[in-house]
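User: I am new to this structure and would like to learn how to read its features one at a time. Could you guide me through them, giving the general idea before each case?

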Amino acid sequence: MVKEFFKNAFKDMANSTKLQHEVDKAEFDAVKAEAKADFLEHKCNSSISKGKSKREMELEEKRIDALNRKAAAQERIDELKNNK
């Protein structure tokens with residue numbers, strides 16, 4: 001009875017170790033794949049020309065917004081001058 005207990009216990013430990021190894025290997029592969037995906041995304045999205053054109057578009061939007069605000073302010077000024 002004691003022999004069987006230890007025999008089963010060691011068999012269970014061996015199976016558990018194998019399963020844990022498979023889990024660890026799968027987790028390692030997942031982390032490795034995620035890191036590679038992150039690297040490739042960063043590499044594709046960080047080219048100088050893309051960053052430059054994105055920056056230029058943002059500046060153009062800000063310039064247009066400023067011109068619209070200036071026009072609105074000028075209209076208010078003209079209205080106030082005409083009401084005098």
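Analyst: Let us begin with exposure. A residue is called buried under 20% relative accessible area, exposed over 50%, and partly exposed in between. R63, at 44% relative accessibility, therefore counts as partly exposed. Please keep in mind throughout that this is a predicted model.

User: What share of the 84 residues in the protein do buried residues make up?

Analyst: Buried residues make up 0% of the 84 residues. The protein exposes about 8,500 Å², and 59% of this area is supplied by carbon and sulfur atoms.

User: How many helices and strands does the protein have?

Analyst: The protein has 2 helices and 0 strands. Its radius of gyration is 34 Å, whereas the globule rule gives 12 Å for 84 residues, so the protein is more spread out than a compact globule. The extent of the C-alpha trace can also be given along the principal axes, where it spans about 110 × 35 × 5 Å.

User: How should I read the length of helix α1, and why does its span agree with the number of its residues?

Analyst: The expected span of a helix is 1.5 Å times one less than its number of residues. Helix α1 covers residues 2-45, which is 44 residues, so it should span 64 Å; the C-alpha atoms at its ends are 64 Å apart, and the two values agree.

User: How many of the 44 residues of α1 are buried?

Analyst: The count of buried residues in α1 is 0, and the helix is hardly covered.

User: How is a pair of aromatic rings described?

Analyst: Such a pair is described by the distance of the ring centres and the angle of the planes. In this structure the count comes to 2 aromatic pairs. One of them joins F5 and F6, with 5.4 Å centre to centre and 75 degrees between the planes, an edge-to-face arrangement. The angle leads to this label because planes over 60 degrees apart count as edge-to-face. Ring pairs link F5, F6 and F10 into a cluster.

User: Which residues form the nonpolar patch on the surface?

Analyst: The patch consists of V2, F5, F6, F10 and M13, which together have about 560 Å² of accessible area.

User: How many salt bridges are there, and how should I read them?

Analyst: A salt bridge is counted when a side-chain nitrogen of Lys or Arg lies within 4 Å of a carboxyl oxygen of Asp or Glu. By this rule there are 2 salt bridges. In one of them, the side chains of E60 and R63 meet at 2.7 Å, N to O. In another, the side chains of R69 and D65 meet at 3.6 Å, N to O.

User: How do separation in sequence and separation in space read for F10 and L67?

Analyst: The first is counted in residues, and the second is given from C-alpha to C-alpha. F10 and L67 are 57 residues apart in sequence and 79 Å apart in space. For M57 and N68, the values are 11 residues and 17 Å. M57 lies in helix α2 and counts as exposed at 53% relative accessibility.

Notes:
Residues are numbered from 1 along each chain as its sequence is written. This is a predicted model: local features need pLDDT of at least 70, side-chain atom pairs count only at pLDDT 80 or more; totals for chains, interfaces and linings use all residues. Side-chain values use heavy atoms; hydrogens and water are left out. Helices (H or I, at least four residues) and strands (E, at least two) are DSSP runs, numbered from the N terminus. Buried means under 20% relative accessible area, exposed over 50%, partly exposed in between (1.4 Å probe, protein chains only). Rings of Phe, Tyr and Trp (its six-membered ring) pair if their centres lie within 6.5 Å; planes under 30 degrees apart count as stacked, over 60 as edge-to-face and the rest as tilted. Patches are made of residues with over 30% relative accessible area and no salt bridge: like charges are joined within 9 Å, nonpolar side chains (Val, Leu, Ile, Met, Phe, Trp, Tyr) within 5 Å. Accessible areas come from the Shrake-Rupley method with a 1.4 Å probe; for residues, only the protein chains shown count as cover. The radius of gyration is taken over C-alpha atoms; the globule rule is 2.2 Å times the number of residues to the power 0.38.
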